[in-house]
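Work through the exercises below with the sequence and structure in view. Each task is followed by its solution.

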Amino acid sequence: MNNLPSDFAHPGGFVESYMNYVNETAVCEQPLFALASALALAGTLYGQHFQTVDGQRTNLFCMAVGYTSCGKGHPLAMLSRVLDDCGATYLRLGQVTSDSAIEWALKQQSRFCFLIDEAGHYFSGVSDSVAASSAQHAIKPALLELWSAAGGSWKGKQRVPRDGKSEQPPIVVRNPHLCLYATTQPQILFESLSRNDLRDGWLPRNLFFISKTRPKPVAKPITPIPNDVRLEVLRWKNAPEGVITVPITPEANAIFNDFTDQIYKKMMIADKTGDETNYLYGKARENAGRMALILAVSRRGTDAVIGTEEAQYATKLVHYLINEMIRVVRENVSESPAEKDKKRILQIIAQTGGAGILKGELTRRTQFIRRALRDEYIQDLVESGEIMATSASNGGERYRICDIV
């Protein structure tokens, strides 16, 4: 079951070779996740060595979102395995519990691929509401800054001397480069998100690769790393310092300009209508530029040029991923606990299709909501025309999603 649209099946070069290797060794094949891990790995390897003409680097934040046991863990495991087998374990950064840990790691080495399993739990733990008084509270702001700091410098937090006298200057990291590859289950991730994540720029910085498929497991051997994949990792894991500015053709530049125009219109709509989901496009141009840079280097190395193929692939993929995430955010991200509970009720009813759901069954599946509140929310949804209530044969009520929704 292929969840990767045909437009994105052939990114070319190292990215495609590595993606194919992940797919060929996967018990549950998830090509979309394999692509995400390939972009994160390539972005890490090429970090600090290439930039676009407008200064974009190759650092991407990629999240694989899929059902439990659907195969999302394999690309994460293979990413670790390939780096380990190629003597590049030092390029992996595990889960950290504070921004101080990130500062310390980047001080030792300024290039990492940040790997997070079950990121929904992790980012729920560092959300504003949960971690407001803990060391975890500063993790997300640090990641926000690091996404934009590649190619420049990043200044850690200013520490207050314990004795009030000794100086403790903040850590300054030159040319930091942090890519991210994370996995999570849909509901866990979405329950950890709020509209503040749209407003503060966290969601727009991430590329969410969302799979709705559950492939049937097929036993496969873990074969040796392909020679071209191994050579590319070995080539760039300890490459000498120096940054190459990759040129862009006029045709590719025109594609990016058109993409920028589309994004600008969507952002203007968001400003005028208050439709905050369009803010997911806020970093689309930068993410597309970074992805095109990765593809160009993946295909042609130090002779890379961003051409029409790279520009079209990157803009189309970023647009596709954002559109998928907009749909998910509209269905799941809420302003308040009440809005979140109402959306959960709607999801449960929608899953029953045209048959609808009996009130008793809906009650059983929403026991996390107090009875009085549940009845109030259902009544609100009926009065707003989002669901309809009809009499059931057992004398109770049956709820269905209204056709106009």
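**Exercise 1.** Is threonine 44 buried or exposed?

Solution. The model is predicted: local features need pLDDT of at least 70, side-chain atom pairs count only at pLDDT 80 or more, and totals for chains, interfaces and linings use all residues. Residues are numbered from 1 along each chain as its sequence is written, and side-chain values use heavy atoms, leaving out hydrogens and water. Buried means under 20% relative accessible area, exposed over 50%, partly exposed in between (1.4 Å probe, protein chains only). Threonine 44 has a relative accessible area of 1%, so it is buried.

Helices (H or I, at least four residues) and strands (E, at least two) are DSSP runs, numbered from the N terminus. Apart from neighbours within four places in sequence, the contacts of threonine 44 include Leu91, Phe112 and His177, contact being heavy atoms within 4.5 Å.

**Exercise 2.** Describe the backbone and setting of glutamine 48.

Solution. Most residues other than glycine have a negative phi. Glutamine 48, not a glycine, has a positive phi of about 70°. This residue sits in the loop between H2 and strand E1 (50-52). With a relative accessible area of 15%, glutamine 48 is buried.

**Exercise 3.** Find where asparagine 175 lies and state its phi.

Solution. Asparagine 175 belongs to the loop between strand E6 (172-174) and strand E7 (177-184). Its phi is near 55°, a positive value in a residue other than glycine.
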